[in-house]
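This report goes through one protein model, topic by topic. Keep the sequence and the 3D view open while reading.

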Amino acid sequence: MANSGSTKLVEEAQRKLTYKVSLSLGSFLKNLQEMGKPDTRILLLLIASGAGYHVGDNKFQYPLGHDELDFLLDKMQTAQNKYQELKNICNYRAQAFLVLTGLTATVGIKAISPEEKTQHLALIKQYMGRSLTKEVVYVLTNRRDHDWENLEKDLRLLIDGKYEAAVSSLQVEEVIKELQSVFHEKKEPHEPHDNEKKKEEVIENGAFQDLLQRLGLEHYYPRKMSRANFQLIHKTSVYNTQPCSERELPFYFLQKLLMLDYGLRYLIIKHEEYTENQVYSSTSNQEKEAFDPYEDLPEESAHPTEPSAATNVRPYVHPMDIQMAILHCADDFARQHILDKLSICQFALPLLIPNPCNAQIEFSLWSLSQIRRSWQQVGKSIKGEKDNYTNQQMCRVSAPIVSFIRAGTGFSASKSQIMNCLLSERKHDVFFHRHCKGSSRDYLLMGGVVEVAWFCPGVEEQDRFDNCLTFTNLHGDAKEYEKQLAFLQEVSSIIVVLMSTSEDNKGNQKIVRDMCQSSKPLIFLLDDKGKITVNDSGPRVRIGIRNRNEAELIGELTTTIRRLLELSNTALSLENCAQVAHKQGMLIDANQRHCKEAKEKAEAIITLLREMEIPQVKENLLPLQGKLWQLWCKKDKELYHLREKGNRSIEQHKSETETEKQMIRHEQFRKAFPLNALMRSVLEILQNHSETHTKLYFLQWLNVALDNLTAGHLENLNEKKKELIQKENQEAPKSSSLKDWQNDIEAISREINDCTLGIEHILREVGQIYEALEEASPMKDTLFFSLPHIAADLMISGVPIELLDGDVSYVPLRWVAAVFDKLSEKLGNKRLFVLSVLGLQSSGKSTLLNALFGLQFTVSAGRCTRGAYMQLLKVEETFTAELGFDFVLVVDTEGLRAPELSNKSQNHDNELATFVIGIGNLTLINIMGGNPSEMQDILQIVVQAFLRMKQVKISPTYLFVHQNVGEVTAKDQNMEGRRRLKQTLDKMAAIAAEEEQCSNVSCFSDVIKFDVNTHVYYFAHLWDGNPPMAPPNPRYSHNVQELKSRILVTAQQESRGSIMKISDVKFRVQDLWRALLNENFIFSFRNTQEVMAMSKLETMYNSWTWELRSHMQRLQDQLINQIQNGKIQTLKTYTLEASVREIYEAIKQKLEKYFYEDPDSEVLVQWKGNFENKLITLKEELILDVQRKAKELISLKKKSRKTG
């Protein structure tokens, strides 16, 4: 009973206490509201709620015990203090604390339920809605779906003042959701290419099947041969051999094509029995029989026959059948590549291709879309100025079409040969004809093929036509190819018909007469008539060609075509012609599904870009690679150089710089997400079509579309820049106007850079998105690696990937490392041989790489490649064991000593050269002409940089390539030049080694392997004549083959020691780049002589300044002594200056004398003004310092007197 009573008493006391506390709390909360402190009121209210206080009833729901009272007393006091403390520092931090308290404050270990948390949040928003800071609102708004755990985590970040981190945390989750939507969408399955669907297609044409088997191509038909198949590094790449069997012919054809050797047209293998049958068949009984030279002998039929049936001897494979068989087996990308190379070789290209297995005719639009040409033609202005056409996409160029056809057979003249004379002054075999080596009537695949070639004028006196013309040639008798003839009749401006007036074939007569019914201008080349005197001044012209002087005939034909073109105003592009072909039922290669889809996707992106001005595209849609990335690179470099330290300690400066870098990454992060329309579209396409051809079609269409979008704008800007340069050259520059002119030039250069837009810029943005995600996001996600995964996929597909960003001269290390990691993951950690290429601007580096390995680096005059790009080449599997590696990684670089970078070119070029030589096992040094002086300077700096970077173990090899050296005996003639080059490099390497205290280095080849006799190559001129109609020089192709052999032999020797795996290359790039950043001295010099001269000058200058400093120290000691003895009461500046003048003038004279009398005076003169200014500045600083200390002492002395 006693216990029961006492329990009741306790409960009663609790109720009374609870009531009193409720009244007191209610009254206190009301006072806070009246005092205008709603935030403190709501904080205390939320804490009370954690102890059971009901807001609506203004009372506690159950009696308070010791725990509740302790909680209320402690929590209210500490929370209010903490809140006020935070509020004094930052409002959002205090509010974040208030909200977190409302979500977590409770008695004991029991957590607040989700329902209660929802009520508390509603309460906060009700009472503080408008006064909540944007930071707190942002966090509350973006954390939906009652994600209490992450909301509380974000609030704690806010309390700590880490708003950026809280925002990042929120953003990362949004980013992950967005990346999931991009990368986890259903991938398009790898469906076969339209022409791959019939993998086991039965070849009904027996002769065609036989041809494919003879050439070893049966497994590639239809369209299964990719670019990778003939970019393989094969054993025959090392040994310059000739084909031994017909099955080797396609491979040799493609190898020669890669090296721009137009001898590929004359590859044949004659069977012994065929040769004997042709040459020796009539000699067997000649000695026994009477020989009559007038005997009537049988002639070979004019028609293509099946000799095997008649003579039981199989003819050799016709050279054009090799080309056409390869094209029938090549996929769309391989076709493009082949036709691009054939075009460089100035060969005609197949436009209409009949399918050998059915009646279908294919129009080559996609296959020809990569063909580009540059030319000059007479403009339409009154002055007759020249119009320049630079790097035009030929399928878009509208030009009159002149078509040649043959009506009949057995003519003495060759239509193709006449066309060659029209197109080429040197009679280059643009079109293959009957007099070419290896020609025979036994071709299989050329009948009905329509080939196309362009005449591009160079505004030379001997140019036959003033403007660009398209020439087409129908192979075979026109009456057998009605579809092709109908097409040519519709698209041609002029049709030229080779015929005979004595033709008795009704079919041929009908074709010719039907053509005469149209209004189309016609030229009839009469094979059975000599020069005729009929005056044909209308649109129908007859020209007799039998037994005519060739020059006279071509002159008459040229004049006639020029006259008839004036009558015809039609001009069509191949794109226009494709529409005609489509209407006539032909298949257009660009219309197959994957290609068409990709084009539509590319066009959708271009539509998006057209919504803004071209200079704004990068700023708005590729914002991460602009000023933010430049600033980040500058800050990163500052961490290594510490040039802007000022009065801060090194640790403080480093910490602040790291913080600034982090802030830039956060800014990039904010700009990157949500992904803009361009980047989202590109990433979706590259990810969702990664297993299909669509990805590569898309990149190519997009690249073409971007070129077309920016071409006009860039042309105008380049013209404006050219005019500025010409104007300045004509006028004598004054110092004031020169600065304005330089500013104008730099402004145009910046605008040109802003308007230059390609796939490489989009992929660079992908890299920057990845780097921002890696550095700015507080948590990592495997989805981030989808970005380098895309780049690795593209690299394996043959797309060049940027290694060093050319616009900021920086390597994005995180991105490059991630790409190498993904590459290793996909291929295995394979062995790589790294081949780098260096050279001065426009020295032919990229053209050389195209010829060596068939790589598609941009090729055009002026600055093309920016930075450094890497591309993978596979070694043929049976050759890997012999070579010792699996892939070649080719690194192509921008041209050194570029005029537009003149003000910062030296540093930039020296860094770039050191980097690419350092990562390469072998470096090609490419030089235009025989003089290596510019490269010689750069190499000296590279050697000294390697000696200084002792922590990076590097032992590269060099090959020098002198391009455009015409003499066959150039190697012998330049022997003395090579000896002097070696002497100079050895001398400078020895001096540099002494300076850097490297006792094991005595000559250049101790640092970089270089043999002056075997490592120097002289290349012939690329063109055999004057562009744009000149073919490549056969000797150039021969030089390429020699160089390729040397590269692979050197690689084979290297493989015994220093071949790296993919992971090793990644670490080499990282180590070398960091070492380069640490090296802040050497790259500003032109060569070793400059480095040594500056080093000596610095030593002398230090000794002179020591004299000056010592004198000032003695003067300061005297002054202090005199001030303390009361001898000096005031100090004037001129008194100090007078005391210093004598020693300063003496030092100045020593400086002057040194600059004039030193053996390196010519080198030193560039720094004379700088050192004179440094000396003046030092003198003034020392005087001011002494004066300051003296005045402080005088002031102190006066004060002590007053107090005393």
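## A covered strand and its partner

In this predicted model, Ile801 has Met870, a residue of strand β16, as its bridge partner. The two strands involved are β14 (residues 801-805) and β16 (residues 867-874); they run antiparallel and are joined by four bridges. Strand β14 is mostly covered, as five of its five residues are buried.

## The nine-strand sheet

An open sheet of nine strands has mixed pairing, and its order is β12-β11-β10-β7-β9-β8-β3-β4-β13. Its edge strands are β12 (540-544) and β13 (587-588), each of which pairs on one side only. Strand β4 (residues 361-363) runs parallel to β13, and two bridges join them. Within this pairing, Glu362 stands opposite Leu587 of β13.

Which helix lies across β7, β8, β9, β10 and β11? Helix α16 (residues 415-423) does, and the helix runs at about 165° to β9. The strands it lies across cover residues 401-406 (β7), 450-455 (β8), 469-477 (β9), 494-499 (β10) and 522-526 (β11).

In soluble globular proteins, nonpolar side chains tend to be buried together. Here the largest nonpolar core has 282 residues, and Phe487 and Phe915 touch the most other members. Helix α26 (residues 694-730) gives the most to this core, with 11 residues.

What does Phe487 contact, leaving aside its neighbours within four places in sequence? Its contacts are Leu351, Leu352, Phe363, Cys577, Val580, Ala581, Gln584 and Met586. Another core lies apart from the largest one and has 44 residues, including Tyr83, Leu86, Val99 and Leu121.

## Salt bridges within helices

Side chains of opposite charge can pair when their charged atoms come close. The count for this model comes to 41 salt bridges. One of them joins Lys510 to Asp514, with the closest N and O atoms 2.8 Å apart. Both residues belong to helix α18 (residues 506-517), where they are four residues apart, about one turn of the helix. Lys510 counts as exposed because its relative accessibility is 53%, whereas Asp514, at 39%, counts as partly exposed.

A pair in helix α42 (residues 1168-1203) is also four residues apart, about one turn of the helix: Asp1185 and Lys1189. Their salt bridge has its closest N and O atoms 3.6 Å apart. Asp1185 counts as partly exposed at 28% relative accessibility, and Lys1189 counts as partly exposed at 34%. Elsewhere, salt bridges that share partners join Arg665, Glu771, Glu774, Glu775 and Arg814 into one network.

The side chains of Glu218 and Arg247 meet in a salt bridge, at 3.7 Å from N to O. This pair links distant parts of the chain, 29 residues apart. Glu218 is in the loop between α9 (206-215) and α10 (227-231), while Arg247 is in the loop between α10 and α11 (249-258).

Are these two residues buried, partly exposed or exposed? Glu218 has a relative accessible area of 26%, so this residue is partly exposed. Arg247 has 48% relative accessibility and therefore also counts as partly exposed.

Conventions:
Residues are numbered from 1 along each chain as its sequence is written. This is a predicted model: local features need pLDDT of at least 70, side-chain atom pairs count only at pLDDT 80 or more; totals for chains, interfaces and linings use all residues. Side-chain values use heavy atoms; hydrogens and water are left out. Buried means under 20% relative accessible area, exposed over 50%, partly exposed in between (1.4 Å probe, protein chains only). Two strands pair if DSSP finds at least two bridges between them. A salt bridge is a side-chain nitrogen of Lys or Arg within 4 Å of a carboxyl oxygen of Asp or Glu. A nonpolar core is a set of buried Ala, Val, Leu, Ile, Met, Phe, Trp, Tyr and Cys residues joined through side-chain atoms within 4.5 Å. Contact means heavy atoms within 4.5 Å. Axes are lines fitted to C-alpha atoms, for helices over the stretch in contact, and angles run from 0 to 180 degrees between N-to-C directions.
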